Amino acid sequence: MKTYVVEHLDPECGPWSTLEYITIAKESTDAGAAFCLSSAPIDLDIPDSVKAVRGFNIDHRSVEDVYQDRKDRVCLLDPAAKEELKPADAHDFDIFVFGGILGDDPPRDRTSELRKKGFTGRRLGPVQMTTDTAVRVTRIVIQGQTALKEIPYIDYPEIGIDEHESTEMPFRYVEDGDGKPVMPEGMIELIKKDSEKGFGELL
């Protein structure tokens, strides 16, 4: 079984992350894979809507501790990695870790920390993705055996706020069959509701 691990160091679980985690848990379960939040603070308040989702797991231990005996089977999704993720990596890795810049002030580059500890890295391309998109793309490559370049993407889509205003999302998304970006259920409504606040307050 493949496992997708998101490092969550932030003391809170905001509305953006809530929708992403619900989506990752559902999609991972449907694909016969596991999903886990790791390094989560002991006092992290996880919304009931996330806890109730089948396939959601949380571990307060770090990736280093959880997988210390399987380090060679762990793949770190790292924008600075020299190699791109490819379908053949399914034979070499079982655990896929998404770190990112999380939690602390100043921001703590968790991916860099894990890189320095010797975890093997792979990158997903040059354009930043949301966490759920990064997991989705990894799953398509690894479990769907589809090359990165063969996945249809939409970069920086514009989301209509009202009849006169729209906002550009600064991310890459997977394109659905109707030419629209794949987003968590409720995300567009959240973006519209909080567009005036800026994305920093949504995360």
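**Close-up views of a predicted model**

View 1. Strand β1 is mostly covered, since 5 of its 5 residues are buried. This holds for both faces of β1: Thr3, Val5 and Glu7 are buried on one side, and Tyr4 and Val6 are buried on the other.

**View 2. The pairing of β1 with β5.** Strand β1 covers residues 3–7 and strand β5 covers residues 95–98; the two pair in the parallel sense over 4 bridges. Within this pairing, the bridge partner of Val5 is Val97 in β5. Strands of a sheet pair through backbone hydrogen bonds, and the pairing may be parallel or antiparallel.

**View 3. The whole sheet.** How many strands make up the open sheet, and in what order do they lie? There are 6 strands, arranged as β3-β2-β1-β5-β4-β8, with parallel pairing. The edge strands are β3 (56–58) and β8 (120–122), each of which pairs on one side only. From one strand to the next, the twist averages 30°.

**View 4. Strand β4 and its two neighbours.** Strand β4 (residues 74–77) is covered on both faces: Val74 and Leu76 are buried on one side, and Cys75 and Leu77 are buried on the other. Strand β4 runs parallel to β5, to which 4 bridges join it. Strand β4 also runs parallel to β8, here with 3 bridges. Leu77 shows both pairings: its bridge partner in β5 is Phe98, and Leu77 stands opposite Arg122 in β8.

**View 5. Helix α1 on the sheet and against helix α6.** Helix α1 lies across β1, β2 (34–38) and β3, and runs at about 145° to β2. The axes of α1 (residues 15–30) and α6 (residues 187–194) come within 10 Å and cross at roughly 175°. Because angles over 145 degrees count as roughly antiparallel, α1 is roughly antiparallel to α6. Helix α1 makes the contact through Pro15, Trp16, Leu19 and Glu20, while α6 contributes Met187, Leu190 and Ile191. Of the residues in this contact, 6 are nonpolar, none is polar and 1 is charged.

**View 6. The two sides of helix α6.** Which residues of α6 are buried? They are Met187, Leu190, Ile191 and Asp194. Seen down the axis of α6, these buried residues fall within an arc of 100°, so they line one face of the helix. An α-helix has 3.6 residues a turn, so residues three or four places apart point the same way. The buried residues of α6 are covered by elements including α1, β10 (158–160) and β11 (166–168). On the face turned away from the buried side, α6 carries the exposed residues Glu189 and Lys193.

**View 7. Two loop residues with positive phi.** Ser39 is found in the loop between β2 and α2 (48–51). Its phi is near 60°, a positive value in a residue other than glycine. Gln145 lies in the loop between α5 (131–142) and β9 (153–155). Although Gln145 is not a glycine, its phi is also positive, at about 55°. Is Ser39 buried or exposed? Ser39 is buried, because its relative accessible area is 12% and buried means under 20%. Gln145, with a relative accessible area of 43%, is partly exposed.

Key:
Residues numbered from 1 in each chain as written. Predicted model: local features only at pLDDT ≥ 70, side-chain atom pairs only at ≥ 80, totals over all residues. Heavy atoms only, no water. Axes fitted to C-alpha atoms, helices over the stretch in contact; angles between N-to-C directions. Parallel < 35°, antiparallel > 145°, perpendicular 65-115°, else oblique. Contact = heavy atoms within 4.5 Å. Nonpolar A, V, L, I, M, F, W, Y, C, P; charged D, E, K, R; others polar. Pairing = 2+ DSSP bridges. Buried < 20%, exposed > 50% of the residue type's maximum accessible area, 1.4 Å probe, protein only. Arc of directions from axis to C-beta.
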